[in-house]
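Me: I have a protein model open and would like to talk it through. Could we go step by step?

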Amino acid sequence: TPAGPSFLATFMDLGSRRILGWAIDTTMSTQLVLRAFNMAVRIRNAESISLDGMIVHSDRGTQYCSKLFQSRLNELNMRSSMSEVGQCWDNAPGEAIWSSLKRETLIGRRMFSSHEAAARDVTHWINIYNQLRPHSAIGIQIPLEYDRSLKSRRMALRAYAPGLPSPDFAPTPQVEAFDFL
């Protein structure tokens, strides 16, 4: 934005490609990441999907390494996973999202007009991405619909074999700065 960068933190379920939590702010902070993460946690709790033992993969940013974020993971009995230094391949799903988001929200522009405009446009785009846009990684299905079908399959599996471990999918954080000058 003309006033400076806006930062976006998202948490995605890699099984369904659904963006579960997001937050946008003018600073890249642990609080930004926690707001996005806690949104994802609230959504999964409301859907009665257990978070116990889930793996949360991130890069090695200070926000994810912070005691505050790691404590939140421990509080929820979730496991932290981070790539080795210089290993960027497992961030490909997030990079693909950033590419699409920038291409589809900044049509004909180099930057958002304000932080508020960035937040509004990004939220609108995420809603379209989750609810309307087919995704090739999940067989040209819509992330929200595919996520619901996974939940139905998990419930059927639990009814059929209640002693088996839960096949829940872990949300994966992807973070990138928007700094279009």
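Me: Which residues in the largest nonpolar core touch the most other members?
Reply: Please note that the model is a predicted one. The largest nonpolar core holds 21 residues, and those touching the most other members are F11, V33, F37, V56, F69, L73 and M78.

Me: Which elements give two or more residues to this core?
Reply: They are β1 (6–13), β2 (18–25), α1 (30–46) and α3 (67–75). The largest share comes from α1, with 7 residues.

Me: And what lies apart from it?
Reply: Another core does, made up of 15 residues, including M12, I24, A118 and I126.

Me: Back to F69. What is F69 in contact with, leaving aside its neighbours within four places in sequence?
Reply: F69 is in contact with F11, T30, V33, L34, F37, V56, Q63 and Y64.

Me: How many aromatic pairs does the structure hold?
Reply: There are 5 aromatic pairs. One of them joins F37 and F69 edge-to-face, with 5.3 Å from centre to centre and 75° between the planes. This pair links distant parts of the chain, as F37 is in helix α1 and F69 is in helix α3, 32 residues apart. Y64 and F69 also form an edge-to-face pair, at 5.5 Å centre to centre and 85° between the planes.

Me: Are F37 and F69 buried or exposed?
Reply: Both F37 and F69 are buried, and Y64 is buried as well.

Me: Which residues form one aromatic cluster?
Reply: The cluster is formed by F11, F37, Y64 and F69.

Me: New topic: how many helices and strands are there?
Reply: The protein has 6 helices and 5 strands. Starting at the N terminus, the order of elements is β-β-α-β-α-α-β-α-α-α-β.

Me: What about α1: how many residues has it, and which are buried?
Reply: Helix α1 has 17 residues, and its first and last C-alpha atoms are 24 Å apart, close to the 24 Å expected at 1.5 Å a residue. Its buried residues are T30, L32, V33, L34, A36, F37, A40, V41 and R44. Just after α1, S48 takes a positive phi of about 60°.

Me: Which residues of α5 are buried?
Reply: In α5, the buried residues are H115, A117, A118, D121, V122, W125, I126, Y129 and N130.

Me: Now the charges. How many salt bridges are there?
Reply: The count comes to 10 salt bridges. In general, side chains of opposite charge can pair when their charged atoms come close. One example is R18 with D147, whose closest N and O atoms are 2.6 Å apart.

Me: Why does that pair tie together parts 129 residues apart in sequence?
Reply: R18 lies in strand β2 and D147 in helix α6 (residues 143–160), so the pair ties together parts that are 129 residues apart in sequence.

Me: Why do R18 and D147 count as buried?
Reply: Buried means under 20% relative accessible area. R18 has a relative accessible area of 9%, so R18 is buried. D147 is at 2% relative accessibility, so D147 is buried too.

Me: Which residues are linked with them in a network of salt bridges?
Reply: The network links D13, R18, R44, E47 and D147. Within it, the side chains of E47 and R44 meet in a salt bridge of 2.6 Å, N to O, and both E47 and R44 are buried.

Terms used:
Residues are numbered from 1 along each chain as its sequence is written. This is a predicted model: local features need pLDDT of at least 70, side-chain atom pairs count only at pLDDT 80 or more; totals for chains, interfaces and linings use all residues. Side-chain values use heavy atoms; hydrogens and water are left out. A nonpolar core is a set of buried Ala, Val, Leu, Ile, Met, Phe, Trp, Tyr and Cys residues joined through side-chain atoms within 4.5 Å. Buried means under 20% relative accessible area, exposed over 50%, partly exposed in between (1.4 Å probe, protein chains only). Helices (H or I, at least four residues) and strands (E, at least two) are DSSP runs, numbered from the N terminus. Contact means heavy atoms within 4.5 Å. The expected span of a helix is 1.5 Å times one less than its number of residues. Rings of Phe, Tyr and Trp (its six-membered ring) pair if their centres lie within 6.5 Å; planes under 30 degrees apart count as stacked, over 60 as edge-to-face and the rest as tilted. A salt bridge is a side-chain nitrogen of Lys or Arg within 4 Å of a carboxyl oxygen of Asp or Glu.
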